[in-house]
Amino acid sequence: MKSSPRVLLVIALSLPTISLADSASVSPEQFGIQHLMEYLNLRPQDISYRSDYTEPDSFRIKLVADLMPSQLKMIDYSATIRSACVKRQPEVVAGLLFNDLRGEYQTSRTRAYQPSADEMQRRYDLYYSNYQMNELLSRAATYLNVVFPRSTQMALTGLTPKQKKFLTNEFKELLVTHEEEEFFTIEQSDSAEKAEEQWTDTFAVFGTAIDKDPIMAAGIDCLRELLPQIAALQKLVDSLKGNADRLLKTGAVVPSRDAVSNFLGKQPGWKIGGIGRDYYSGDCRFILDLGGDDLYDLSYDPANPHGVIIIDLGGNDVYRSRTDFTLGSGCLSVGLLLDYGGDDIYQGKSFALGSGFFGFGLLYDAAGNDRYDGDTHVQAAGSFGIGLLIDEAGRDIYNAALNAQGFGFVEGAGVLYDFDGSDSYYAGGRYKDVLRYEDHYLSFSQGFGTGMRPQISGGIGALVDLKGNDQYFSDIFAQGTSYWWSLGILIDSSGNDSYQSYQYAQGNATHMTLGILVDDYGNDVYFGKGLMQGCGHDYACGILLDRHGNDTYTAYDLSQGAGSANGAGLLVDCGGDDRYFVKNPANTQGYGNPRRDFGSIGLFIDLGGSDQYSGNGHDSLYWRTNSQWGGGMDIQWPIIDTTKGKK
């Protein structure tokens, strides 16, 4: 039996009729989506998900559950994430994520902390100029010695000692990969897979007894308490004009006759340094450094969880991990690393550099050209907690292997915010994707959320970059992508950016989940193979939205507005002279796979400029592919009323 020929129907721009009133009342992307869907005999509510297609689970996040029936609202939520970032207040961002991590069925618990953004703004704006160093130390001691231990006890009160140990041993292994797995035999791979399935089943039995809220609330409250005092101390240090050692003598160890030293003697693991070049090592709980080019060589024992607060007011510092769970890492507690100046180097192992693992972890860098290096679950990664990395200025380099740069796992949120500078993001290159390829690597990064299919729903992963000509490099699963009841977001507000990946990337969602990439301004380049650039696979929705600029898109297959296996994929470009290239026109540029019971949706929308196409698309025309609910259009926005001025 011969296969039926591929049909491509191209229709002139005059059909269908466009309402000028409608075009003026909504955003370009809203108008474009609604208009093309009307042309394809669809409604916006058709980009949805029927709840009876999967079983609910106790770990599902309400935000994701609410977005699944109204998947286009991902665009609105990405704007909310960006707005929180603009405030330049870590506690505001953390407060938003705290609220958004509420469970779908979380009605029996009393939320430990529900502040409004206005309340946090009001408290932050108060200027505490009268606080001295002893006040900062006293309040830090209260959190480290009382509040953090109490919050950990509250979070794990329903667990046995064996179950607590399980979290930092077996459960941790669900998030890491070992290079030797590339060389496993079939029997070894099967054994490892069975072990992970058993660990997942074990955790599902008692995991609902964990209440991460007290730890996250303690971390947010600690930020609110300490940030104004740190600002006042920093102003005092600056006023001394290089003589900050008048507050204490140079060196990480203060002489015993000093009043501060007497305080430190009662606080194990506490160190304070002046403006000299100080060296800190070991499992420290509190470090305050007033300046200088310092070296941190730190460790952490997860068997004895505790809070960590590191405050460095300036200098070109080097931070190194001796073990996992260091440098802005909250493991079963709160970990804060706050650096206020200098060109810094952060060398983390795994679960570091803004990692929340059953806890709250923050790495905040206020200025300088910085470099961040880490392995797994680093650079803003959250699992049963919140992981934040906030960098306010400089040309920065982010390098990680896996689960990084805005990664959200079960009941977790990982968000990386970079405010300014032309930055480079690289994720992958270490752990091969042995199930699919011999020469490609897993990334799971750059705005990626995932769960444990099919038992346990996932979290929220987001990467937000506000300024600069940025470069994003990844391989498999990255750049505004998610897997299994999660949400992945990548937002870049300005600059001429380059996005390079191989597969499952750039606004992609796979298996009942949501992913979106939004780029507001700049002449951007998107490159990859497939399942990307606005692709939804298996009851999922993936969106790529580019609002301005002369952009170039290149892909091989199942990309540029493609839906597969009852998924929905959208590529929306709102303006600029763009170029679109594909290798396989049969399943790209507005393709809705007819597979299974009700087919899929693929929408390709270009709303302005003089554009070039290789594939189905045509400048200033509509088209439909061989699928029932797949098609595209290239029209001019805004719609010009040619009747104006005529009598």
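I began with a term I needed: helix axes are lines fitted to C-alpha atoms over the stretch in contact, and the angle between two of them runs from 0 to 180 degrees between N-to-C directions. I also noted that this is a predicted model.

**Entry: α5 and α10**

I looked up helix α5, residues 90-100, beside helix α10, residues 213-239. Their axes come within 9 Å and cross at roughly 160°. Angles over 145 degrees count as roughly antiparallel, so α5 is roughly antiparallel to α10. I noted the crossing of α5 and α10 as left-handed.

Next I asked which residues of α5 meet α10. On the α5 side I found P90, E91, A94, G95 and F98. On the α10 side they meet D213, M216, A217, I220, L223, R224 and L227. By class, I have 8 nonpolar, 1 polar and 3 charged residues in this contact.

**Entry: α4 and α5**

I then turned to helix α4, residues 74-86, which packs with α5 at an angle of about 150°. The axes of α4 and α5 are 8 Å apart. This pair, too, is roughly antiparallel.

From α4, I listed Y77, T80, I81, A84 and C85, which meet V93, L96, L97 and D100 of α5. Sorted by class, the contact of α4 with α5 holds 7 nonpolar, 1 polar and 1 charged residues.

**Entry: Q560**

Where does Q560 sit? I found Q560 in the loop between β38 (557-559) and β39 (562-564). Is Q560 buried or exposed? Its relative accessibility is 0%, so I wrote Q560 down as buried. I also looked at Q506, 54 residues from Q560 along the chain: their C-alpha atoms are separated by 9.7 Å.

Key:
Residues are numbered from 1 along each chain as its sequence is written. This is a predicted model: local features need pLDDT of at least 70, side-chain atom pairs count only at pLDDT 80 or more; totals for chains, interfaces and linings use all residues. Side-chain values use heavy atoms; hydrogens and water are left out. Helices (H or I, at least four residues) and strands (E, at least two) are DSSP runs, numbered from the N terminus. Buried means under 20% relative accessible area, exposed over 50%, partly exposed in between (1.4 Å probe, protein chains only). Angles under 35 degrees count as roughly parallel, over 145 as roughly antiparallel, 65 to 115 as roughly perpendicular and the rest as oblique. A crossing is left-handed if the near helix is turned anticlockwise from the far one by less than a right angle, and right-handed if clockwise. Contact means heavy atoms within 4.5 Å. Ala, Val, Leu, Ile, Met, Phe, Trp, Tyr, Cys and Pro count as nonpolar, Asp, Glu, Lys and Arg as charged, and the others, Gly among them, as polar.
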